[in-house]
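Colleague: I want to learn how to read a structure, one feature at a time. Please walk me through it.

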Amino acid sequence: MRLLFVNWAFENHGSAQDLYNYTQAARALGHEVALYGPPNALSPFTYTLDIGSADSVVFIFEFTTHLQYGDLLDLVRLVGKVPRRRRVVIDCDGDYNDAISVVGDINHRDAVSSRQWVEICDSLSDKIYQPTLHPRRANVGTFFFHAYNAAWERPLDFRDKEYGMVYVGNNWFRWRALGRILQALQPIRERVGHIGLVGQGWDVQTSWGGPALSEDAYRSDPEYLRAMRVQVMPAVRFDQVIGWMSKGIFTPVVYRPLFDHLRLVTCRTFETPAANAVPVFAQDADFVKEIYGDEAVALALGDDPSDKMLDVLCRPQCYADVIRAIRRHLAAKHSYAARLRQLTGIVEG
């Protein structure tokens with residue numbers, strides 16, 4: 001099957017890791033995955049403008065409701081080269097919902113924009129999916145899209161680490177979540193060692209990603225980061241993310257408030273356990289269990305994040321078996337091969 005993905009792709013944020021890995025996994029399974037756009041020999045992604053030969057068009061919406069290369073929405077509707085029943089919409093950001101506000105994080109400015117976007121998605125396909133086990137609308141199915149590749153796994157060796165903690169990710173509604181991690185580290189700051197923060201928008205409050213729905217999208221506290229002696233570094237390409245996380249003894253998994261509220265997964269959900277670092281989960285224990293398996297609850301930060309992170313810093317090797325169990329669980333249930341089998345079933349269904 002030839003699948004054409006439509007996504008506004010960046011190499012240093014968003015679903016870049018997934019877009020690249022779907023292409024590789026598809027070849028191994030006898031399928032083909034390409035990204036809509038003009039061919040670019042310098043890009044790690046496989047681009048094509050050939051819509052007519054696609055068996056399915058998969059719209060992967062995140063960050064924005066705009067498209068990277070022209071109005072493909074009209075193109076698909078009017079040209080009709082791919083029938084409606086073989087089009088799929090994957091709503092990665094929870095936009096296919098009523099307007100929601102969660103402690104400053106929003107999916108739409110108002111009810112009107114929410115309704116307009118839902119109508120656009122409905123005009124494209126009857127097959128609407130979100131990366132959550134708990135969709136809010138009855139016509140929405142679960143498709144995680146983001147996945148795990150066991151080839152990413154780094155051997156677990158916590159000796160001679162450059163950093164106590166490293167977080168890799170851009171600041172997009174994430175300051176509140178990361179701020180809670182840093183506040184929990186304050187009482188034990190001298191025992192943490194170096195703290196590294198890799199990504200855009202942390203040490204400046206500028207609109208690095210374009211216009212935002214809310215000022216909380218870019219909210220940060222550069223003075224607090226300096227007071228905590230956090231080393232802020234530029235964003236890295238998707239294929240350097242796991243390597244950077246591996247520089248720390250531990251690395252936190254944090255989401256924006258809306259994603260926690262909707263229980264959405266992200267690319268970082270699955271990348272983090274592959275790093276040579278202890279993943280610590282800021283999500284509630286029930287979410288951790290349903291995504292990572294029962295044993296992963298031992299790495300949920302819970303009500304005493306300071307104590308948990310101090311224990312991880314002091315005894316990281318004691319958590320190695322938990323990390324290996326998480327990796328086995330993800331490899332068995334959340335591989336790209338498993339995702340492709342589900343996606344082709346959605347297209348054919």
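Modeller: Start with one residue and its neighbours. Cys-92 touches Ile-60, Phe-61, Glu-62, Pro-131, Phe-145, His-146, Phe-259 and Leu-264, leaving aside residues up to four places away in sequence. Touching, or contact, means heavy atoms within 4.5 Å. This is a predicted model, where local features need pLDDT of at least 70, side-chain atom pairs count only at pLDDT 80 or more, and totals for chains, interfaces and linings use all residues. Residues are numbered from 1 along each chain as its sequence is written, and side-chain values use heavy atoms, with hydrogens and water left out.

Colleague: Where does Cys-92 lie, and does it count as buried or exposed?

Modeller: Cys-92 sits in the loop between β5 (87–91) and β6 (101–102). Helices (H or I, at least four residues) and strands (E, at least two) are DSSP runs, numbered from the N terminus. Cys-92 counts as buried because its relative accessibility is 2%. Buried means under 20% relative accessible area, exposed over 50%, and partly exposed in between, with a 1.4 Å probe and protein chains only. For scale, Cys-92 and Gly-243 are 151 residues apart in sequence and 25 Å apart in space, C-alpha to C-alpha.

Colleague: Which residues touch the most other members of the largest nonpolar core?

Modeller: In soluble globular proteins, nonpolar side chains tend to be buried together. A nonpolar core is a set of buried Ala, Val, Leu, Ile, Met, Phe, Trp, Tyr and Cys residues joined through side-chain atoms within 4.5 Å. Here the largest one has 96 residues, and those touching the most other members are Phe-5, Phe-145, Leu-182, Leu-185, Phe-250, Tyr-292 and Leu-299. Helix α4 gives the most to this core, with 7 residues. Another core, of 18 residues, lies apart from it, and includes Tyr-36, Val-57, Phe-59 and Ile-128.

Colleague: How many residues of α4 are buried?

Modeller: In α4, 8 of the 11 residues are buried, so this helix is largely enclosed by the rest of the structure. The buried ones are Trp-175, Ala-177, Leu-178, Gly-179, Ile-181, Leu-182, Ala-184 and Leu-185.

Colleague: At what angle do α4 and α11 cross?

Modeller: Two packed helices are described by the angle between their axes and the distance between the axes. Axes are lines fitted to C-alpha atoms, for helices over the stretch in contact, and angles run from 0 to 180 degrees between N-to-C directions. The axes of α4 (residues 175–185) and α11 (residues 305–314) cross at roughly 75 degrees and come within 8 Å. That makes α4 roughly perpendicular to α11. The cut-offs are under 35 degrees for roughly parallel, over 145 for roughly antiparallel, 65 to 115 for roughly perpendicular, and oblique for the rest. Ile-181, Ala-184 and Leu-185 of α4 make the contact with Pro-305, Ser-306 and Met-309 of α11.

Colleague: Does Asp-307 count as buried or exposed?

Modeller: Asp-307 lies in α11. Asp-307 counts as exposed because its relative accessibility is 52%.

Colleague: Which residues of α10 are buried?

Modeller: An α-helix has 3.6 residues a turn, so residues three or four places apart point the same way. In α10 (residues 285–292), the buried residues are Phe-287, Val-288, Ile-291 and Tyr-292. They cover an arc of only 100 degrees around the axis, so they lie on the same side of α10. The arc is that of the directions from the helix axis to the C-beta atoms. These buried residues pack against β13 (248–253), α9 (267–271), β14 (278–281) and α12 (320–333).
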